[in-house]
Amino acid sequence: MSKKINWKKEAISWGVMIAIFGTLYLTGWHTPVMGKIQSWFLATHIFTPSIEEENKTIFNFDGMLITPEGKRINYSELKDKTIFINYWATWCPPCLGEMPHIEKLYLQLKDNPDVVFLMVSKDNEFNKAIKFKAKKEYELPIFQELKSPAQLQSQILPTTFVIKNGEIAFRKEGMSNFNTEDFKNFLIEN
């Protein structure tokens with residue numbers, strides 16, 4: 001015997017879902033809400049980076065960044081450091097999802113003089129990234145690139161690179177939870 005569908009109940013449930021998602025979209029809350037949901041998934045440690053180093057490439061330090069205060073920094077100034085570079089944007093839910101985990105990792109390593117974090121905003125207006133960081137009260141250092149090294153090109157956000165000993169030692173496209181003991185050790189070991 002087939003089950004009779006209650007079309008009225010079905011229409012109401014679909015209407016409620018459309019209203020919720022429509023409200024989130026129209027109010028601009030869809031990005032932070034999706035980012036928060038993705039952050040919860042990352043907290044389960046299902047999405048942790050594989051840090052098997054392979055195909056190391058010599059890194060060309062030909063690039064320039066600018067800080068929110070307007071200070072210019074050449075990549076070449078960081079040659080002797082381990083550099084964690086994360087490309088992100090305020091409109092990218094996976095970027096927002098992984099950022100609290102990167103913040104926690106950064107807070108553990110910020111006093112290590114050999115490790116540098118570069119959170120490079122891909123927002124068209126750098127001021128959006130600056131306001132986002134202030135609102136979230138993140139300590140992560142954010143930058144905008146004035147000149148990007150060709151080796152760091154990616155069409156996917158977020159994308160993360162680690163430069164160690166003058167080589168690209170790690171590349172990850174897509175979100176991940178970098179706040180793991182293994183990844184922290186990867187950053188601090190030579």
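## Overview

Of the 190 residues in the protein chain, 41% are buried, where buried means under 20% relative accessible area, exposed over 50% and partly exposed in between, with a 1.4 Å probe and protein chains only. This is a predicted model in which local features need pLDDT of at least 70 and side-chain atom pairs count only at pLDDT 80 or more, while totals for chains, interfaces and linings use all residues. Residues are numbered from 1 along each chain as its sequence is written, and side-chain values use heavy atoms, with hydrogens and water left out.

The protein chain exposes about 11500 Å², of which carbon and sulfur atoms supply 55%; accessible areas come from the Shrake-Rupley method with a 1.4 Å probe, and for residues only the protein chains shown count as cover. Among contacts with a separation of 6 or more, 71% are between residues 24 or more positions apart, contact meaning heavy atoms within 4.5 Å.

## Secondary structure and sheet

The protein chain contains five helices and eight strands. Helices (H or I, at least four residues) and strands (E, at least two) are DSSP runs, numbered from the N terminus. In that direction the elements follow the order α-α-β-β-β-β-α-β-α-β-β-β-α.

The eight strands form an open sheet with mixed pairing, in the order β1-β8-β7-β4-β5-β6-β2-β3; two strands pair if DSSP finds at least two bridges between them. At the edges stand β1 (57-58) and β3 (72-74), each with a single partner strand, so one side of each has no neighbour in the sheet. The antiparallel strands β1 and β8 are joined by two bridges, and T57 has I168 in β8 as its bridge partner.

Strand β7 is largely enclosed by the rest of the structure, because six of its six residues are buried. In a regular strand the side chains alternate between the two faces of the sheet. In β7, T159, F161 and I163 point one way, T160, V162 and K164 point the other way, and all are buried.

On one pairing, β7 runs antiparallel to β4 and is joined to it by five bridges; here F84 has V162 in β7 as its bridge partner. The pairing of β7 with β8 is also antiparallel and extends over six bridges, with K164 opposite E167 in β8. These two strands, β7 and β8, form a hairpin with two residues between them, and N165 in the turn has a positive phi of about 50°.

## Helices against the sheet and the nonpolar cores

Helix α4 lies across β2 (64-66), β4, β5 and β6 (142-147), and runs at about 165° to β6. Helix α5 lies across β4, β5, β7 (159-164) and β8, and runs at about 40° to β7. For these angles, axes are lines fitted to C-alpha atoms, for helices over the stretch in contact, and angles run from 0 to 180 degrees between N-to-C directions.

The largest nonpolar core has 27 residues, and those touching the most other members are F84, W88, F117, M119, F183 and L187. A nonpolar core is a set of buried Ala, Val, Leu, Ile, Met, Phe, Trp, Tyr and Cys residues joined through side-chain atoms within 4.5 Å. At least two residues of this core come from each of β4 (82-88), α3 (93-109), β5 (115-121), α4 (126-136), β8 (167-173) and α5 (181-188). The most is given by α3, with seven residues. Apart from its neighbours within four places in sequence, L187 contacts T82, F84, L105, L109, V115, F117 and V162. A second, separate core has 17 residues, including F59, L65, F143 and I163.

## Salt bridges

Side chains of opposite charge can pair when their charged atoms come close. Five salt bridges are found in the whole structure, each defined as a side-chain nitrogen of Lys or Arg within 4 Å of a carboxyl oxygen of Asp or Glu. One of them joins the side chains of E167 and K56 (4.0 Å, N to O). This pair links distant parts of the chain, 111 residues apart: E167 is in strand β8, and K56 is in the loop between α2 (30-43) and β1. E167 is partly exposed at 22% relative accessibility, and K56 is partly exposed at 42%.

K110 and E139 form another salt bridge, with the closest N and O atoms 2.7 Å apart. K110 is in the loop between α3 and β5 and E139 in the loop between α4 and β6, so the pair ties together parts 29 residues apart in sequence. Within helix α5, the side chains of K184 and E181 also meet in a salt bridge (3.5 Å, N to O). K184 and E181 are three residues apart and therefore separated by about one helical turn. K184 counts as buried, at 17% relative accessibility.
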